[in-house]
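Here are a few friendly notes to read alongside the model. Please keep the viewer open and find each place as you go.

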Amino acid sequence: MSAPELRRAEADRDVEACFPLMQQLRPHLADGTELLARVRRQEAEGYRLLVAWRGDTAVGAAGYRFQENLIRGRFVYVDDLVVLDSERRSGIGAVLLDEVARVAKSAGYGWLTLDTALNNVLGQRFYFRWGLLSTALHFGKAL
């Protein structure tokens, strides 16, 4: 199988085409229209959606944004990382993270971070293999 094409989802149709893929990670999303509306709102805060495409099918995606805070300085935060179930173990997740890291590093950002659920054991194994280390415990509370 050939390597997928990496490109950002910028056109409305490209973002909406990511819905079946993104719904695997975010099952609360109702449809492509809701995904598009959320992505457009998040883009106002710097969100970018990098997608691995096989033809017109989104087979992997990394949603990320550049940020800065006092603890890390300038860093890239990966909001979303997902690969179609049928494409898992094909290296697409690593290719997406490699590209996000490359873009961030070339823009002068020195750190990549993401959050994952405590019960996402397979994802955690992948992150450790990719070189990410557990550096914090994330806390949250519904308001």
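**Notes on the model**

1. Let's start with helix α5, residues 121–130, where G123, F126 and Y127 are buried. "Buried" means under 20% relative accessible area, "exposed" over 50%, and "partly exposed" in between, using a 1.4 Å probe and protein chains only. These three residues cover an arc of only 100° around the axis, which puts them on the same side of α5. The arc is taken from the directions that run from the helix axis to the C-beta atoms. On the other side of α5, L122 and R129 are exposed.

2. Before going further, a word on the source: this is a predicted model, in which local features need pLDDT of at least 70 and side-chain atom pairs count only at pLDDT 80 or more, while totals for chains, interfaces and linings use all residues. Residues are numbered from 1 along each chain as its sequence is written, and side-chain values use heavy atoms, with hydrogens and water left out.

3. What covers the buried residues of α5? The cover includes β4 (73–83), α4 and β5, where contact means heavy atoms within 4.5 Å. Helices (H or I, at least four residues) and strands (E, at least two) are DSSP runs, numbered from the N terminus. Just after α5 comes G131, with a positive phi of about 110°.

4. Now look at the sheet. It is open, with five strands in the order β1-β2-β3-β4-β5 and mixed pairing; two strands pair if DSSP finds at least two bridges between them. At the edges are β1 (5–8) and β5 (112–114), each of which pairs on one side only. From one strand to the next, the twist averages 30°, based on axes that are lines fitted to C-alpha atoms (for helices, over the stretch in contact), with angles from 0 to 180 degrees between N-to-C directions.

5. Five of its seven residues are buried, so β2 is mostly covered. β2 pairs with β1 in the antiparallel sense over four bridges, and the bridge partner of L6 in β2 is A52. β2 (residues 48–54) also runs antiparallel to β3 (residues 57–69), and seven bridges join them. Here R48 has Y64 as its bridge partner in β3, and L49 stands opposite G63. The hairpin of β2 and β3 has two residues between the strands, and in it G55 takes a positive phi near 65°.

6. Which residues form one aromatic cluster? They are Y64, F66 and Y109. The structure holds three aromatic pairs; rings of Phe, Tyr and Trp (its six-membered ring) pair if their centres lie within 6.5 Å, and planes under 30 degrees apart count as stacked, over 60 as edge-to-face and the rest as tilted. The ring centres of F66 and Y109 are 4.5 Å apart and the planes are at 25°, so this pair is stacked. Because F66 lies in strand β3 and Y109 in the loop between α4 (92–106) and β5, the pair ties together parts that are 43 residues apart in sequence. Both F66 and Y109 are buried.

7. Two arginines sit over rings. R74 lies over the face of Y109, at 4.1 Å from the ring centre, and R7 lies over the face of W53, at 4.5 Å. A charge counts as over a ring if NZ of Lys or CZ of Arg is within 6 Å of the ring centre and within 35 degrees of the ring normal.
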